[in-house]
Amino acid sequence: MVGGLVLSQAQTHQVATPRTAAPAPAQALEKRPRDQAQPCGTAAAVSVRSLDEVRKAHARHIKLGLDRCPRHARPLLAACALSGWPGGMELAASIFESLVEPEAFDYNTLMRGHVDMLEAGVGPDSYTFPFVLKSCAQLAALQEGRQLQAHIVKLGFQYDKHVQNSLISFYGKCSEPAMARVAFDRAGLWRECLELFGAMVLDGWRPDESSMVSVLSACAHLGSFDVGRSVHCALLRNTARLNTIMQTSLVDMYAKCGSIEKATAVFDAMDGKNAWTYSAMLSGLVLHGDGRKALQVFDAMVREGHAPDAAAYVGVLNACSRDGLLEDGLRCFDRMRLEHKVAPNAQHYGCMVDLMARAGRLDDARELIGSMPTGPTDTAWRSLLNACRIHGDLDLAERALEELRRLGAANAGDYVIVADMHARAKNWDAAAAFRTEAVDWGLAQSPGFSAVEVRGVLHRFVSQDMSHPRTRDIYEMLHQMEWQLRFDGYKPDTSEVALDVGEEEKRRVVAAHSQKLAMAFGLLSTPEGAPVRVVTNLRMSKECHAYSALISEIFRREIVVRDRNRLHRFRRGACTCRDYW
C-alpha cells in the first residue's frame, strides 16, 4: 500500500518505464494512421527575429502536434538559448523539456545557452538548474553535475523544491543511490515523496532503485510502517536479489517504524554487510533503547573486520546512554581512544555528558563539559539541561540555559524546560518570565502534534483537536478509554501541566493530548489485535507513558510510540524503555 493505494502485482510488473507523460497533442499525433502523420523531417526552417515570434512558432507546432519532434523544435531551441533575449533561456528550457528523444546536439545547445548566460552576467534562477541537471543526467556527466551542485549551494538554491527533485533524479540516473538519498534527506519532503510515489505507481510507472530508497527513507522519517512494508513486498516480487543499499534502507525503515524484529531479520539475512549497514542497525537499537544488543552488534562489526569510525562510536555511546549502561559507556569511550585510535569529537563528549547526566551524575557531567578539548558545545549543555529536568535540579538547569544563551544557541524548547520546572515548583511568575523572554527573543516553539497510521495514511492531531472528519467518534472513543481505565484505578497525572489554572482545567488539557487522540483514532480504525503506531514530535510525558501502558493492557493491543528522542513499545502494561527515558 502506498499513500493509501494498494500496490498490486499488476501495477508493479510494467514492461517499460515511460520517460515522461506525453502532452495531449502528441498523443493525438501518435494515434493517427502512419500515412497521415507528418514526418519530422519535412518541416521548413523557422526564421524568427524576436522572442514573441518564437512563441508564436512554438504555438503552431503545439497545435500541429509537432512540438515534441527535435527536428522541428531545434531551430526554436537554438534561437531562444543563443540569442541573449531576456526570458529566452526559460522558453528554451520549456521547449527542451517537451522533446521526446532529445539528441546530443539539443543538450549541447541548452548547456551552451546557460554558459553564454553566465558569461553575459545574467544569473541563473530556480528554473535554470533543473534543465542543466537533466542534461547531466542523460549524459551521465557525474562530475559536471557535482560541480553544478556546488553552484546551486553557492547561489542559495539548495532548498528550492524543483532543484532538490532534479538533484535526486540526477544522482539516481547516474547510479549514485547513496548521493540521491543524501539529497533527498536534505529536502525533507517526506509527505510529498509518498504522495508522488503513490501517484507514480497509480499511473503505471515502475520505480527505479533510487526512487525505492527515497520512499523507504520517507517511510522511516514519517513512521509509515504499512507503506514501507508494501514497498518491501514489491521489491521481493520484482527483484531477484536486493543489494546492500536497499537492504540497509529496509533495516533503517523497519527500526524507525517500530519493528525492530523485522529490522533484525533483514539485517541477519544479509550477506554483504558494510559499515553503513551496521550503523543503521546500531541506530535502530539505540532508538529502541536496547543497549545490550547494540553492544553485541558493535562487537560483531569489529570481529568481521569493519573498523568502527567516529559515527559508529556515536551510536554505541548513545546506546549506552539510552539504556543507562554507565560502566559500558565509559569502557567504550576508552576503547575508542586507545584501541581504535579514534579521536573524540564534540559529539562523543556530548554522548558522555548525556550518559553521566541521565545516570544522575550531574556534577561529573558538568565537569566533563568544562574539560572538553573542543570547548563546551550547545549539545553538551542541552544534554545536561534535559537531565536536570529528569532529576529536578532547577539551579543547574538555569546554569545550563545561561550557558546556551552565552553560546547564542538557546532555543524555545530550552526556555520551556526551565519554565516548566518553575511551574512544577509553583513559581508561576518565574515560569511566565522565562516564556516571555523566549517570545521577546523571537524564539518560536514548533507546534506539538501526534500522527497515527491507518491503512497506509497518516492522520495528524494536535492537542484539543476538533478538525478531523471523525472528531465525534474519536472523542467518544477517548471517553470510553478513560472510563475503562478508571476501573483499574487510573487517575490523570497533571503534575507536568505548566499552567496556573485549576485542577479541572488541567485534567481537560491532559485528557485531549494529541498522543491520546491519535491513539483513540488508531484503536477505532484498525483491526482488533493490530498494533497502533503513533509518531509525535513531543517528548513522552509521564502521564502519556502511564496512560499508554494501561491502554496496552486493557485493550490487549501493542502501542508503539516514537517520540522526539526514542521509541516506546507498550505490551501488556509494560514498556520496552523500562521507565528509563
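What percentage of the 581 residues of the protein chain count as buried? In this predicted model the share is 49%, where buried means under 20% relative accessible area, exposed over 50% and partly exposed in between, with a 1.4 Å probe and protein chains only. Local features need pLDDT of at least 70 and side-chain atom pairs count only at pLDDT 80 or more, whereas totals for chains, interfaces and linings use all residues. Residues are numbered from 1 along each chain as its sequence is written, and side-chain values use heavy atoms, with hydrogens and water left out.

**View 1. Helix α16 and the elements that cover its buried residues.** Helices (H or I, at least four residues) are DSSP runs numbered from the N terminus, as are strands (E, at least two). The 13 residues of α16 (residues 291-303) should span 18 Å, which agrees with the 18 Å between its end C-alpha atoms; the expected span is 1.5 Å times one less than the number of residues. Its buried residues are G291, A294, L295, V297, F298, A300 and M301, and their cover includes α14 (260-269), α15 (275-287), α17 (310-323) and α18 (326-338). After α16 comes G305, with a positive phi near 90°.

**View 2. The largest nonpolar core, with 88 residues.** A nonpolar core is a set of buried Ala, Val, Leu, Ile, Met, Phe, Trp, Tyr and Cys residues joined through side-chain atoms within 4.5 Å. V251, M253 and L384 touch the most other members of this core, to which helix α11 (residues 209-222) gives the most, namely eight residues. When residues up to four places away in sequence are not counted, M253 touches L216, C219, A220, G228 and R229, a contact being heavy atoms within 4.5 Å. A second, separate core of 28 residues includes L478, M519, L523 and I559.

**View 3. The salt bridge between R571 and E261.** A salt bridge is a side-chain nitrogen of Lys or Arg within 4 Å of a carboxyl oxygen of Asp or Glu, and the N to O distance in this pair is 3.4 Å. R571 lies in strand β5 (residues 567-571) and E261 in helix α14, so the pair ties together parts that are 310 residues apart in sequence. R571 is partly exposed, at 42% relative accessible area, and E261 is partly exposed at 41%.

**View 4. Salt bridges of R335 with D299 and E339.** The closest N and O atoms of R335 and D299 are 3.2 Å apart, and this pair links helix α18 to helix α16 across 36 residues. The side chains of E339 and R335 meet at 2.9 Å, N to O.
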